[in-house]
Amino acid sequence: MTATINPRDRLIVALDLPDLRAAEAMVDRLDDTVSFYKIGYQLAYAGGLPLARALKAAGKKVFVDLKLHDIGNTVGRGVESLAELGATFVTVHAYPQTMKAAVEARGQSKLKILAVTVLTSYDDADLQEAGYQLGVRDLVERRARQAQAFGINGLVCSPEEAGHLRQLLGPDILLVTPGIRPAGSSADDQKRIMTPARAIAAGANYLVVGRPVIGADDPKAAAEAIVEEITAALG
Ligand SMILES: O=c1ccn([C@@H]2O[C@H](COP(=O)(O)O)[C@@H](O)[C@H]2O)c(=O)[nH]1
């Protein structure tokens, strides 16, 4: 599975920008360096969701990262709407009712459902504070096993868990990893991070990168450097 994805297509740039104009300008700047974009809360809630159709029409892939979590019926209807948008990936939180509803609603569409295991900004202390008895590694594993059993296409996890999950779940499940930080860059609010090269070596299929690219003085050069690191890591 991993060998068939072009190195450039493994970089997903998070368009965490305030409005449609800023997002379109960033896509123009990145040009053909980037083929896969993520639309998350900031852009979607500022009217940016229609950009998904425009990106798809321009030959790009789109990951709609709205991390759905609601009663099953609402999740299912939301997934149906997102399938109509032409997105490649959509996220749901890795709760059993939520995952089951999302997989049922996906039906025969090409939309792939990714389950968010434990946010990459969390560590064991954050989970404990939120009332969980399991630490990150155990909760990620539990949710990942459940996700696979429900027929989820892939997992959002930290690259720190990628190696373990790849061993545990086999080659077919997609591992999509935020928490990517090129050497020397700031971790920001991320707690479970790795460099692009190490994440690929650990078994990640796709790397999600926001601030290290969109916040760089030269976003295109920053993205190209990550693509080169991915390419080298794949050997
Ligand atoms: O566990 C998760 C799930 C999603 N994200 C999203 O990825 C990007 C990361 O952005 P950076 O600027 O590279 O930190 C962002 O859109 C998050 O919402 C995540 O970081 N962790």
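Student: Which of the 16 residues around the ligand come nearest?

Tutor: D16, K38, T120, Q190 and R211 do, where being around the ligand means having a heavy atom within 4 Å of it. Bear in mind that this is a predicted model, where local features need pLDDT of at least 70, side-chain atom pairs count only at pLDDT 80 or more, and totals for chains, interfaces and linings use all residues. Residues are numbered from 1 along each chain as its sequence is written, and side-chain values use heavy atoms, with hydrogens and water left out.

Student: OK, what lies 2.8 Å from an oxygen atom of the ligand?

Tutor: A polar side-chain atom of Q190 does, and so does a backbone N or O atom of G210. R211 has a side-chain N or O atom 2.7 Å from a ligand oxygen. The cut-off for a polar contact is a pair of N or O atoms within 3.5 Å.

Student: How much of the ligand's accessible area does the protein cover?

Tutor: 88% of the 460 Å² that the ligand has on its own, by the Shrake-Rupley method with a 1.4 Å probe.

Student: And which elements give two or more residues to the shell?

Tutor: Those are β3 (61-68), β8 (206-209) and α10 (211-214). Helices here are DSSP runs of H or I, at least four residues, and strands are runs of E, at least two, numbered from the N terminus.

Student: Switching to V118. Where is V118, and is V118 buried or exposed?

Tutor: V118 sits in the loop between β5 (112-116) and α6 (124-129). V118 counts as buried because its relative accessibility is 4%; buried is under 20% relative accessible area, exposed is over 50%, and partly exposed is in between, using a 1.4 Å probe and protein chains only.

Student: What does V118 touch?

Tutor: Leaving out residues up to four places away in sequence, V118 touches L127, V136, L139, V140, R143 and R192. Contact means heavy atoms within 4.5 Å.

Student: Now helix α8. Which of its residues are buried?

Tutor: In α8 (residues 159-169), they are P159, E161, A162, H164, L165, R166 and L169. They pack against α7 (136-150), β6 (154-156), β7 (174-177) and α9 (196-202).

Student: What happens at the start of α8, and what follows α8?

Tutor: At the start, a side-chain oxygen of S158 comes to within 2.8 Å of the backbone nitrogen of E160. After α8 comes G170, with a positive phi near 90°.

Student: What about phi of D31 and K67?

Tutor: D31 is near 50°, positive though D31 isn't glycine, and D31 lies in the loop between α1 (20-30) and β2 (36-39). K67 also has a positive phi, near 45°, and is in strand β3.

Conventions:
A polar contact is a pair of N or O atoms within 3.5 Å; within protein, one must be able to donate a hydrogen and the other to accept it, and residues adjacent in sequence count only if both atoms are side-chain atoms.
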